[in-house]
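Take a guided look at this structure.

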Amino acid sequence: MRYIEEFNDPELARRLLDDIHATVTRPWAMMEVCGGQTHSIIRHGIDQLLPDQVELIHGPGCPVCVTPLEMIDKALAIASRPEVIFCSFGDMLRVPGTGRDLFRVKGEGGDVRVVYSPLDALDIARRNPDRQVVFFGIGFETTAPANAMTVHEARRLGIGNFSLLVSHVCVPPAVEAIMRAPHCRVQAFLAAGHVCSVMGTSQYPELAERYRVPIVVTGFEPLDILEGIRRTVRQLERGEHRVENAYPRAVRDGGNPAALRMIEEVFETTDRAWRGIGTIPDSGLRLSEAFRAYDAEHRFDVGDVRTAESADCHSGEVLQGLIKPNECPAFGTTCTPRTPLGATMVSSEGACAAYYLYRRLEVAPVG
């Protein structure tokens, strides 16, 4: 298959669904890690086409959603400074901090700009040598190479008025944290294909063996997801717990060597807080000592930020797979895309946004 349309073929989808229905004999719960997969599942109604015994649990795989509130508030403090041009991808502007968001800062006179690449921010810094330019570098391992390359280029070119506010998180430690949680119901994982296209699959066999869970690397189109579910169900029914790559057109076991070298040179591993979940050891990336001069947290004095989450927001439970978005009392009432209480309602990959956009407004009846 070479074209996206082929991965939406209804006849092939029906055959995969028939295979899943014929294979499953008892209840299974699996988690799709990536928010992009969640949106595809809800948009195409894949969860409604599966056998009743197969439950899809939405995981914390939305980097916007898990960016900690403290980091959002640091971004707001930096963006409010008159000497700063604050650059970000558009999906961060509506994410609520403590009392406001980047749109509010922009409306109050802050120079907040939407860019489409960290290199755009570096170019802004080159053209505005009298201003401090900060790029909000969030994301999983997928976006880390581009951010690392930009910092590397800033140092090579001697652009000293550029810095990165880093909030990178890593998927495998989150998978382990989910499995160690006391109320975990996850029996298998659909791993995020775009992350594995960078990092490869080498970190997963140990997790699959330790927690005896199948881990199937999966893409984002309907047939990708159905094939991932089919392989996962087959493993569960056979009592197997292996790592499988159901996304070979994009993922190699060794990942992307050039991207891995860039990440290793510029970043180092650190503990990282995940919004709504808490701190996960060794689950984040920060700029290494050699590039610390480009770290916005060190460049600006924002260490005393005080945060306060909305008491009405249950996004942490959504991110941990404990509830579905429409089981939150605020969902669709006091919390909407126009008046979000949490990042899961704002992000283009957030589970709450998916349920709202595709009108999953009511809790499905039991039985």
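Arg230 and Asp19 join their side chains in a salt bridge, at 3.9 Å from N to O. A salt bridge here is a side-chain nitrogen of Lys or Arg within 4 Å of a carboxyl oxygen of Asp or Glu. The pair links distant parts of the chain: Arg230 sits in helix 12 and Asp19 in helix 1 (residues 10-23), 211 residues apart. Helices (H or I, at least four residues) and strands (E, at least two) are DSSP runs, numbered from the N terminus.

The model is predicted: local features need pLDDT of at least 70, side-chain atom pairs count only at pLDDT 80 or more, and totals for chains, interfaces and linings use all residues. Residues are numbered from 1 along each chain as its sequence is written, and side-chain values use heavy atoms, with hydrogens and water left out.

How accessible are the two partners? Arg230 has 18% relative accessibility, so Arg230 counts as buried. Asp19 has a relative accessible area of 22% and is therefore partly exposed. The cut-offs are these: buried is under 20% relative accessible area, exposed is over 50%, and partly exposed is in between (1.4 Å probe, protein chains only).

Arg242 and Glu244 form another salt bridge, with their closest N and O atoms 3.6 Å apart. Arg242 is partly exposed because its relative accessibility is 38%. Glu244, at 15%, is buried. Both pairs belong to something wider. Asp19, Glu227, Arg230, Arg231, Arg234, Glu240, Arg242 and Glu244 are linked in a network of salt bridges.

Glu83 and Arg81 also meet in a salt bridge, at 3.7 Å from N to O. Glu83 is partly exposed at 30%, and Arg81 is partly exposed at 27%. The salt bridge count comes to 26.

Now turn to the rings. The structure holds five aromatic pairs. Rings of Phe, Tyr and Trp (its six-membered ring) pair if their centres lie within 6.5 Å; planes under 30 degrees apart are stacked, over 60 edge-to-face, and the rest tilted. Why is the pair of Phe89 and Phe135 edge-to-face? The ring planes stand at 80 degrees, with the centres 5.3 Å apart, so the pair is edge-to-face. The pair links distant parts of the chain, 46 residues apart: Phe89 is in the loop between strand 3 (84-88) and helix 6 (102-107), and Phe135 is in strand 5 (residues 132-139). Phe89 is partly exposed at 26%. Phe135 is buried at 0%.

Phe220 and Tyr247 form an aromatic pair that is edge-to-face, at 6.1 Å centre to centre and 80 degrees between the planes. Phe220 lies in the loop between strand 8 (215-218) and helix 12 (222-238), and Tyr247 in the loop between strand 9 (243-245) and helix 13 (257-266). Both Phe220 and Tyr247 are buried.
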